[in-house]
Amino acid sequence: MTKRMAIAGGGLGGLTLARILRQHGVDAVVYEREANRSARSQGGMLDLHPESGQHALAEAGLESRFQSQARPEGEEHRILDPAGRMLIHHVPKPGSFSGRPEIDRTVLRDMLLDSLPADTVVWGRRLSTAAPRPGGGWHLTFHDGHRADCDVLVGADGARSVVRPLLADVELSYVSTHASLSIADVDRRHPELAELVGPGNLWCVGVNQLLAAQRLGDGSLRVGASLRAGDRPADTLASKRALLEMFDGWDPRVTALIEAGDGVPIPRRNEATPVDMRWETRPGITLIGDAAHLMAPVGEGANQAMLDAAELAASLAADPADPDAAIRAYEEAMFARIHPIAEMSTRIQAMMLSDTAAEDLVRFFTPRSAEPAPADRSGDVGASA
Ligand SMILES: Cc1cc2nc3c(=O)[nH]c(=O)nc-3n(C[C@H](O)[C@H](O)[C@H](O)COP(=O)(O)OP(=O)(O)OC[C@H]3O[C@@H](n4cnc5c(N)ncnc54)[C@H](O)[C@@H]3O)c2cc1C
């Protein structure tokens, strides 16, 4: 009998899973809490890594669409100190897809949505509870009162997953504070800021705090201020004046990124699950992406969410009659893969917000003979704007 697959959450992980399952002839339904695809801004750019995000897109049959929409030039990055001195300036080879080309999150999500039949995603369905059914499978209830049944439930519902507690009892830890701003139409309105940031990422690194900016494909800049967890409550960063005070004494060419922001900064606490999080396999249910492993935002989360989707889809397609064996195989491989990546993400986040961040970053990006070249490492710190 065909198993009914339900995916809670239509972010990058859930949509990639639905698409790759479909490539294998398996239909799934995605329940997404947002009302439609443009209900919420999807944020800045992502660099997709060949072994994870790009691999998943190839499994999804979307490699060439990715190549036509991605921005390899977005890999350019500049690291400045608070006085505005350039410490590192990396320029990728023109048109190269060998590294980690950047793509706007909205463009990537639209590409995945457009690859699915219109009825795959049920919009406006916020999952409230999932209860085991006596004969196996799950009974789902949604905020709007709708109900549905499924045989297999995949929690792809992000940082505050409601599916996660059915498998793991974990507390999130607070890893950093972030406030973001946007500047639209930067070439026309603020050509000096367009010049400062260039086609990719800029990080201006101080003591225990940094100011970053990235250029998006729509001609806007996304600006982000980051500081250590607990240094200041996130809600005190909800004004440009507070951010300007935080970066008082920094080169005015850099703090102009805050002054030029459209609207008020949006502050947020970044959180993480324990780096060694795992759970006992349970029949007919699993997690992918941030629901399974929420990490400090240093450039791995979306890539790993998409790789989870590719690996889970391959495992389910290899043995459609026994989804529980497929889930067990997926989870074991995922736990082993994620543990070192989660540890690395915690380390890099701490390094970027340390009192020696500038020296540490210069060392990080300076190639040593046995290590990857800087171009291969740029994504490791690419998440801060
Ligand atoms: C500032 C910042 C920058 C980042 N930069 C990078 C980067 O450069 N590279 C990178 O790889 N990663 C980056 N990340 C991490 C990345 O954003 C996440 O790891 C990735 O989005 C996880 O994908 P996901 O599909 O698991 O979850 P999400 O993208 O969060 O998607 C979850 C979806 O589930 C929906 N949902 C939630 N609850 C429910 C519910 N109850 N019912 C139904 N639907 C629900 C949500 O609306 C959402 O659409 C960054 C994160 C942050 C915070």
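Student: How many helices and strands does the secondary structure of the protein comprise?
Tutor: The model is predicted, and its secondary structure is assigned over the protein as a whole. The assignment comes to 12 helices and 17 strands.

Student: Why is the protein described as being as compact as a globular protein of its length?
Tutor: The globule rule gives 21 Å for 385 residues. The protein is as compact as a globular protein of that length because its own radius of gyration is close to that value, at 21 Å.

Student: What does the C-alpha trace span along its principal axes, and what share of the residues is buried?
Tutor: Along the principal axes, the C-alpha trace spans about 65 × 40 × 40 Å. Of the 385 residues in the protein, the buried share is 45%.

Student: What percentage of the contacts with a separation of 6 or more joins residues 24 or more positions apart?
Tutor: The contacts considered are those in the protein with a separation of 6 or more. Among these, residues 24 or more positions apart account for 73%.

Student: Are helices α1 and α9 roughly parallel or roughly antiparallel?
Tutor: Helix α1 covers residues 12-23 and helix α9 covers residues 301-318. Their axes lie 8 Å apart, at an angle of about 30°. An angle under 35 degrees counts as roughly parallel, and α1 and α9 are therefore roughly parallel.

Student: Which class of residue has 12 members in the contact of α1 with α9?
Tutor: The crossing of these two helices, α1 and α9, is right-handed. On the α1 side the contact includes Leu-12, Leu-17 and Ile-20, and on the α9 side it includes Ala-305, Met-306 and Leu-316. Two of the contact residues are polar and one is charged, while the class with 12 members is nonpolar.

Student: Is α4 roughly parallel or roughly antiparallel to α1, and is their crossing left-handed or right-handed?
Tutor: The axes of α1 and helix α4 (residues 105-114) come within 9 Å and cross at roughly 30°. The two helices are therefore roughly parallel. Where α1 passes α4, the crossing is left-handed.

Student: How many charged residues does the contact of α1 with α4 have?
Tutor: Leu-12, Leu-15, Thr-16 and Arg-19 of α1 meet Leu-108, Arg-109, Leu-112 and Leu-113 of α4. By class, five of the residues are nonpolar and one is polar, and the number of charged residues is two.

Student: Are α9 and α10 roughly parallel or roughly antiparallel?
Tutor: Helix α10 spans residues 323-352, and its axis lies 8 Å from that of α9, at an angle of about 155°. Angles over 145 degrees count as roughly antiparallel. The pair α9 and α10 is therefore roughly antiparallel.

Student: How many nonpolar residues are there in the contact of α9 with α10?
Tutor: This crossing of α9 and α10 is right-handed. Its residues include Leu-312 and Leu-316 of α9, together with Tyr-330, Met-334 and Ile-338 of α10. Two residues of the contact are polar and two are charged, and the nonpolar residues number 11.

Student: Why does Glu-63 count as partly exposed, and with which residues is it in contact beyond its neighbours within four places in sequence?
Tutor: Glu-63 lies in helix α3 (residues 63-69). It counts as partly exposed because it has 14 C-beta neighbours inside 10 Å. Leaving aside its neighbours within four places in sequence, the contacts of Glu-63 are Leu-57 and Ala-58.

How values were computed:
Residues are numbered from 1 along each chain as its sequence is written. This is a predicted model: local features need pLDDT of at least 70, side-chain atom pairs count only at pLDDT 80 or more; totals for chains, interfaces and linings use all residues. Helices (H or I, at least four residues) and strands (E, at least two) are DSSP runs, numbered from the N terminus. The radius of gyration is taken over C-alpha atoms; the globule rule is 2.2 Å times the number of residues to the power 0.38. A residue is buried if 20 or more other C-beta atoms lie within 10 Å of its own, exposed if 12 or fewer, and partly exposed in between; C-beta atoms are placed from the backbone. Two residues are in contact if their C-beta atoms, placed from the backbone, lie within 7 Å. Axes are lines fitted to C-alpha atoms, for helices over the stretch in contact, and angles run from 0 to 180 degrees between N-to-C directions. Angles under 35 degrees count as roughly parallel, over 145 as roughly antiparallel, 65 to 115 as roughly perpendicular and the rest as oblique. A crossing is left-handed if the near helix is turned anticlockwise from the far one by less than a right angle, and right-handed if clockwise. Ala, Val, Leu, Ile, Met, Phe, Trp, Tyr, Cys and Pro count as nonpolar, Asp, Glu, Lys and Arg as charged, and the others, Gly among them, as polar.
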